[in-house]
Each structure stands twice: as structure tokens, then as C-alpha cells.
Amino acid sequence: AERVSGQFDIVISQNAMEHFIEPAANLREMKEALAPGGRIYMSFGPLWMAPYGHHMHFFTRAPWINLLFSEKTVFRIRSLYRDDGAMSWSPGMNRMTVAMFERLIGEGGLRPLRRRYRTAGGLPVVDGLPFLREFFVNMVDAELAPAEQHR
């Protein structure tokens, strides 16, 4: 595939960031695709350590099963409910956390113009507490711009 460079005012990534095998490389590609003044709009979740970070809520309501059992075990049980070949085409989730996302955007030369963390049960205080937010932030909504662009 041919790389696109500097051609888009807006790049949208929806419900994908936690699935990218190489999220740093994907963010770099998004940034490189931006025209001057362009923005990346991103929304994704649930994050890995969130109550349903396992993305398996269609067969269990039990929270945090991905933290209680190995990914291999979770996918084995998943295969009893869905025969979509997920284990054959996917190495699993990239285990995206809030801290990992923040590190990736910083290292990727991006800055958040707007960032909202939506928490399980709408717990407003939790998103500001670094340890607890990892376990309760379900969704990330962000508007990003290259760090070198003026505010």
C-alpha cells in the first residue's frame, strides 16, 4: 500500500486503538497523513484494564476476566460462543491503558487539544487518580494535533 503524506485535514480512528498490533506506528501514520493544521479525532475502548477490557461482554458479564485468566484461556472459552477465527488472525489485544495512550501520544509528537476519559459507572473522580483510572476508564475520546503546530 502506498503511504499518504500530508493530505488530510482530519484523520478519524474509531474503536481501533486498543486493537492495533503496533499502536505507535499507527499513530505515526495518522500524524504523517495530516495536512498542515490537521487533526486526529480518536475514540476507543474499553481499555485493557477496564471492567470489560476483554471485549467479551457478549458471553459474560463478569468484569476483569482478562486480568483474572490468561488471554489463551479467555479466547478458548470465547471460541465456544463465536466461531469467527479470532485466535487464528489476531494475537489478541494490545493491552492499551490510559498511561500507555498518554505515553504514545507524547512520544509520537502529538498533543491533546481535547481529551476525555469516560469511566465505568460514570465515576467522575476516578479519571484523575492514575492508579484507579486504569481500572475504571472505559473509553477515551481525544482530539490530537502535531506538537509542533501552534495552539
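How many salt bridges does the structure hold? In this predicted model, the structure holds 7 salt bridges.

## Salt bridges between strands

Arg 39 forms a salt bridge with Glu 143, with 3.5 Å between the closest N and O atoms. Because Arg 39 lies in strand S2 (residues 34-44) and Glu 143 in strand S4 (residues 137-146), the pair ties together parts that are 104 residues apart in sequence. Glu 143 is buried, at a relative accessible area of 16%.

Strand S4 also contributes Asp 141, whose side chain meets that of Arg 118 in a salt bridge of 2.9 Å, N to O. This pair links distant parts of the chain, since Arg 118 belongs to strand S3 (residues 110-119) and lies 23 residues apart from Asp 141. Asp 141 counts as buried at 11% relative accessibility, whereas Arg 118 counts as partly exposed at 32%.

Glu 102 and Arg 133 form a salt bridge whose closest N and O atoms are 2.9 Å apart; Glu 102 lies in helix H5 (residues 98-107) and Arg 133 in helix H6, so the pair ties together parts that are 31 residues apart in sequence. Arg 133 is buried, with a relative accessible area of 12%, while Glu 102 is partly exposed at 25%. Together with Arg 115, these two residues are linked in a network of salt bridges.

Helix H6 (residues 130-136) also holds Phe 131, which is exposed at a relative accessible area of 62%. Phe 131 makes a nonpolar surface patch of about 400 Å² with Val 125, Leu 129 and Leu 132.

## A buried glutamate without a salt bridge

Glu 18, found in the loop between strand S1 (8-14) and helix H1 (23-33), is buried yet has no salt bridge, and the nearest side chain of opposite charge, Arg 118, is 11 Å away. The side chain of Glu 18 is instead joined to that of His 55 by a polar contact of 2.9 Å.

Technical notes. Residues numbered from 1 in each chain as written. Predicted model: local features only at pLDDT ≥ 70, side-chain atom pairs only at ≥ 80, totals over all residues. Heavy atoms only, no water. Helix = DSSP H or I, 4+ residues; strand = E, 2+ residues; numbered from the N terminus. Buried < 20%, exposed > 50% of the residue type's maximum accessible area, 1.4 Å probe, protein only. Lys, Arg positive; Asp, Glu negative; His and termini not counted. Salt bridge = Lys/Arg side-chain N within 4 Å of Asp/Glu carboxyl O. Polar contact = N/O pair within 3.5 Å; in protein donor to acceptor, adjacent residues only side chain to side chain. Patch = residues over 30% accessible without salt bridge, like charges linked within 9 Å, V, L, I, M, F, W, Y side chains within 5 Å. Areas by Shrake-Rupley, 256 points an atom, 1.4 Å probe, with all protein chains shown as cover.
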